Amino acid sequence: MVNRRIVVVTGMSGSGKSTVAHTLEDSGFFCVDNLPVDLLPKLLDLTEIRGGEQLKLALVIDLRQRKFFPNYSTILKTLEEAGVSFQVIFLEARDEALVRRYSATRRQHPMALSGSVLEGINKERTELAEIKSRADWIIDTSDMTVHELRDEIKKLFTRSVTGSLHVVVGSFAYGKGIPLESDLVFDVRFLPNPYFVDALKRRTGLDVEVSEWIFAKDTTRKFLAKLEDLLLFLLPLYIEEGKQYLTISIGCTGGCHRSVVVAEHIAKFLRENNYGVVQVKHREIAA
């Protein structure tokens, strides 16, 4: 019996489905774009006959397959009952981003045959609302480059050989927006701010003087103790659910002092507790 896994790539037109399909193909998936739903059982039968220990299929399905959406719940249930591991990636983007992309390519929106691009986008959102609610992952590509979208998909489908999480702990400034890839977000703007100390203002949380000043505060120590307890509770549950990549974002006002110190501390804590690969990224002080 072939161990079959199917990933459906769907979402808004112009949101990056082709990029996702190509990335999955590079990751070992057999990708089919716009396969008529009626042919899916035959495709599965064919791959069963051809054999192999594992089959990974990526199906790009969108409103070109109008027949799929009214019956998608029945189709998914049938696949699941047949023992097929089935997941849905839904790609989203803001209206202005989609309009800009269509303007740049001068392509016609598939739902705007006799109207404006924005009208087509609004109609498509309505028709895709139900399958979006069923999605395992919803990825907003509005501010992503092609390379960033590829990296995000690789994160989702790269398995850790140890079975543990690949954790990224990052710092950021709230004024520049919460990182889109965040799974857990913690606001540390309540901690004492070394920015208002003349000797520390132009330093960062990577400097020992800043770190020692922040850790000298009772509020910092109490907060980190509670955060450590929370992560020790949460991370095993994420692993049990099959999550393989987790991004923890720590935010403060400028993203250079408090959030950096806390992110560095949490990364060290996770490494000491053997949570596999742990990376640190400081968005506002990146070289």
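This is a predicted model: local features need pLDDT of at least 70, side-chain atom pairs count only at pLDDT 80 or more; totals for chains, interfaces and linings use all residues.
How many bridges join β7 to strand β8?

**View 1. Strand β7 beside strand β8.** Four bridges join β7 to β8 (residues 245-252), and the two strands run parallel. Pick out Val 185 and you'll find its bridge partner in β8, Ser 249. Side chains alternate along β7 (residues 184-187): Leu 184 and Phe 186 point to one face and are buried.

View 2. A search of the whole structure turns up three aromatic pairs. One of them is formed by Phe 172 and Tyr 174, a tilted pair at 4.9 Å centre to centre with 55° between the planes. Phe 172 is buried, and its relative accessible area is 0%.

**View 3. Phe 190 against Phe 223.** Here the ring centres are 5.1 Å apart and the planes sit at 80°, so this pair is edge-to-face. Phe 190 lies in the loop between β7 and α7 (208-215), while Phe 223 belongs to helix α8 (residues 218-240), so the pair ties together parts 33 residues apart in sequence.

**View 4. A lysine over a tryptophan.** Lys 217 lies over the face of Trp 213. The distance to look for is 4.3 Å from the ring centre.

**View 5. The buried side of helix α6.** In α6 (residues 146-156), the buried residues are Leu 149, Glu 152, Ile 153, Lys 155 and Leu 156. They cover an arc of only 155° around the axis, which means they are on the same side of α6. The background is simple geometry: an α-helix has 3.6 residues a turn, so residues three or four places apart point the same way.

**View 6. Helix α1 and the glycine after it.** Buried residues in α1 (residues 17-26) are Lys 17, Thr 19, Val 20, Ala 21, Thr 23 and Leu 24. After the helix comes Gly 28, with a positive phi near 100°.

Key:
Residues are numbered from 1 along each chain as its sequence is written. Side-chain values use heavy atoms; hydrogens and water are left out. Buried means under 20% relative accessible area, exposed over 50%, partly exposed in between (1.4 Å probe, protein chains only). Two strands pair if DSSP finds at least two bridges between them. Rings of Phe, Tyr and Trp (its six-membered ring) pair if their centres lie within 6.5 Å; planes under 30 degrees apart count as stacked, over 60 as edge-to-face and the rest as tilted. A charge sits over a ring if NZ of Lys or CZ of Arg is within 6 Å of the ring centre and within 35 degrees of the ring normal. The arc is that of the directions from the helix axis to the C-beta atoms.
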